[in-house]
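Please open the model in your viewer and keep the selection panel at hand.

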Amino acid sequence: MVIKEKYCNSCKTKVSNIVGSVSFICPNCGEKEIIRCSHCRTIAARYKCENCNFSGPN
Ligand SMILES: [Zn+2]
Ligand SMILES: [Zn+2]
């Protein structure tokens, strides 16, 4: 069984064991999954889509 690790888009921390982390599909291109840890959500760190370069705080 292969476990694909997920890393925060903003700080690159592994989020698999962080409670409150979220992942969602890029609201701009609808293709790339964006992952954010709870810490980056709290400080509203910017994320950037690797697919379309869209960036945002939410
Ligand atoms: Zn983070
Ligand atoms: Zn995108």
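A residue is termed buried under 20% relative accessible area, exposed over 50%, and partly exposed in between, with a 1.4 Å probe and protein chains only. This is a predicted model, in which local features need pLDDT of at least 70 and side-chain atom pairs count only at pLDDT 80 or more, while totals for chains, interfaces and linings use all residues. Residues are numbered from 1 along each chain as its sequence is written, chains are lettered from A and ligands numbered from 1 in the order in which they are written, and side-chain values use heavy atoms, with hydrogens and water left out.

**First stop: the zinc ion (ligand 1)**

Select the zinc ion (ligand 1) together with Cys8, Cys11, Cys37 and Cys40, whose SG atoms coordinate the ion at 2.2 to 2.3 Å. Donors are N, O and S atoms within 2.8 Å of the metal (3.2 Å for Na, K and Ca); water is not among the atoms, so sites may look incomplete. Which arrangement do the four donor atoms around the zinc ion (ligand 1) make? The arrangement is tetrahedral, because the donor atoms subtend angles of 107 to 115 degrees.

Cys11, at 33% relative accessibility, is partly exposed.

**Second stop: Val22**

From Cys37, move to Val22: the two are 15 residues apart in sequence, and their C-alpha atoms are 6.4 Å apart in space. Val22 belongs to strand β1, residues 22-25. Strands (E, at least two residues) and helices (H or I, at least four) are DSSP runs, numbered from the N terminus. With a relative accessible area of 30%, Val22 is partly exposed. Select next Ile34, Ile35, Arg36 and Arg41, with which Val22 is in contact when its neighbours within four places in sequence are left aside; contact means heavy atoms within 4.5 Å.

Select Phe24, Tyr47 and Phe54, which form one aromatic cluster. Rings of Phe, Tyr and Trp (its six-membered ring) pair if their centres lie within 6.5 Å; planes under 30 degrees apart count as stacked, over 60 as edge-to-face and the rest as tilted. How many aromatic pairs does this rule give? The count comes to two. The rings of Phe24 and Tyr47 have centres 5.5 Å apart and planes at 80 degrees, so this pair is edge-to-face. Phe24 lies in strand β1 and Tyr47 in strand β3 (residues 47-48), so the pair ties together parts that are 23 residues apart in sequence. The rings of Tyr47 and Phe54 have centres 6.3 Å apart and planes at 50 degrees, so that pair is tilted.

Is Tyr47 buried or exposed? Tyr47 is buried, at 3% relative accessibility. Phe24 is partly exposed at 23%, and Phe54 is partly exposed at 28%.

Cys29 lies in the loop between β1 and β2 (33-36) and Cys52 in the loop between β3 and β4 (55-56), so the pair ties together parts that are 23 residues apart in sequence. Cys29 is partly exposed at 24% relative accessibility, and Cys52 is partly exposed at 28%.

The structure holds zero disulfides, a disulfide being a pair of cysteine sulfur atoms within 2.5 Å.

**Last stop: two backbone angles**

Most residues other than glycine have a negative phi. Select Ala44, in the loop between α1 (38-42) and β3, where phi has a positive value near 55 degrees. Ala44 is partly exposed at 42% relative accessibility. Finally, select Asn53, in the loop between β3 and β4. The phi of Asn53 is also positive, near 70 degrees, and Asn53 is exposed, with a relative accessible area of 52%.

Methods:
Tetrahedral: all angles 85-135°; square planar, octahedral: opposite > 155°, others 65-115°.
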